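Trainee: I would like to go through the labels used for this model and see what stands behind each of them.

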Amino acid sequence: MATLLPGTRALRTLEAAARHLNFTRAADELGLTPAAVSHQIKEIEDQLGIVLFTRTSRTIRLTEAGTVLFEAATDTLDLLGRAVMRARKMARGTEFLKVTLDAQFAAKWLMRRVEDFRKQRPGIELRFDIAYGLRDFDLDDVDVGIRFGAGKYPGLCAHRLFDNIIIPVCSPGLLASGPPLREPRDLFLHTLAHIEWARQGVTWPNWRMWMAAAGVDDFDDSRTVVFGTSTDAVQAALDGNAVALADFAMVANDLSEGRLVQPFALSIKVAPEYAYFLVYPQGMVDDPRIVAFREWILEEVARTRTTDKA
């Protein structure tokens with residue numbers, strides 16, 4: 001009976017065709033032609049002696065038997081994918097630790113400190129996956145993640161890293177040569193940059209919110225520049241083109257090394273449930289590589305918080 005079962009490639013074709021109910025869209029996803037998808041489906045039907053799809057001139061539909069095999073193919077491919085990823089992680093050995101994180105956290109915080117980790121833990125080689133979405137630890141080749149969110153990750157351990165404290169920053173050159181910044185209203189004479197972000201009723205602090213906290217109730221935000229990422233907003237400040245609202249943890253090094261200055265002490269916070277979190281599967285809590293990385297990064301975070309309080 002085993003010899004009658006379709007191979008993995010055929011199962012992928014069946015799964016895509018059944019999910020889309022359209023051979024053309026399935027073909028686009030698989031990198032095939034619609035004729036090739038149709039041919040593979042016909043081969044599966046002939047091999048099993050079962051009609052999987054009913055076809056008309058314009059549409060296809062799953063038969064009852066086709067629905068059963070579609071569900072089984074989906075489960076099988078998922079199970080195989082997870083097993084392959086576990087095997088790959090085992091094959092690459094225990095000396096590697098792959099960290100998934102977003103580009104901003106990588107560039108502005110972690111990469112500046114990686115050499116210290118390597119000195120402390122020479123037996124562990126860090127590798128990085130730069131992405132904004134949370135990876136699936138069972139399907140993606142990653143071991144730990146650093147993600148911004150509300151900390152609710154089923155099946156994962158989550159360690160809160162930073163509260164997001166938003167402050168105004170600018171370049172020393174802009175502060176020295178531009179219109180003086182003695183009180184919040186003086187900011188009206190400068191280009192102001194911030195990002196636009198909202199999720200589940202929570203809005204990332206913008207200049208209107210900062211001005212309200214500063215007691216300025218007639219702020220006109222028509223001259224503000226809105227960026228898609230915090231990295232771009234901070235870069236505008238570093239280039240001397242704007243005063244930007246930035247997350248303190250992400251600009252702590254720029255401040256301590258003099259590339260940026262904070263013209264006003266007033267800061268505002270993102271909703272308290274949102275923060276950067278270190279996450280990893282609960283079943284990996286005692287993995288020596290993850291233990292080493294967790295202990296190291298929490299120590300580094302504590303140092304950043306100490307700088308903030310200072």
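Trainee: How many salt bridges does a search of the whole structure find?

Mentor: The search finds 18. Keep in mind that this is a predicted model.

Trainee: What makes Arg19 and Glu29 a salt bridge?

Mentor: Their closest N and O atoms are 2.7 Å apart. The cut-off is 4 Å between a side-chain nitrogen of Lys or Arg and a carboxyl oxygen of Asp or Glu, so the pair qualifies. Arg19 belongs to helix α1 (residues 8-20) and Glu29 to helix α2 (residues 23-30), 10 residues apart.

Trainee: Why is Arg19 called partly exposed?

Mentor: Its relative accessible area is 41%. Buried means under 20% and exposed over 50%, so a value in between is called partly exposed. Glu29, with 44%, gets that label too.

Trainee: How do you know that Asp141 and Lys98 form a salt bridge?

Mentor: The N to O distance is 3.9 Å, and the limit is 4 Å, so the pair is counted. Asp141 sits in the loop between β4 (125-130) and β5 (144-149), and Lys98 in strand β3 (residues 96-101), 43 residues apart.

Trainee: Is Lys98 buried or partly exposed?

Mentor: Lys98 is at 21% relative accessibility. Buried requires a value under 20%, so Lys98 counts as partly exposed.

Trainee: Which salt bridges are found across the interface of domain 2 and domain 3?

Mentor: The rule finds two there. As for Asp254 and Lys108, their closest N and O atoms are 2.7 Å apart, which is within the 4 Å limit. Lys108 and Asp254 are also part of a salt-bridge network with Arg112, Glu257 and Arg259.

Trainee: What makes α5 stand out on the side of domain 2 that touches domain 3?

Mentor: With four residues, α5 gives the most to that side. The area buried between the two domains is about 1,300 Å², with 54% from carbon and sulfur atoms.

Trainee: Why is α5 called mostly covered?

Mentor: Six of its eight residues are buried, among them Gln104, Lys108 and Trp109.

Terms used:
Residues numbered from 1 in each chain as written. Predicted model: local features only at pLDDT ≥ 70, side-chain atom pairs only at ≥ 80, totals over all residues. Heavy atoms only, no water. Buried area = accessible area lost by both parts, 1.4 Å probe. Helix = DSSP H or I, 4+ residues; strand = E, 2+ residues; numbered from the N terminus. Buried < 20%, exposed > 50% of the residue type's maximum accessible area, 1.4 Å probe, protein only.
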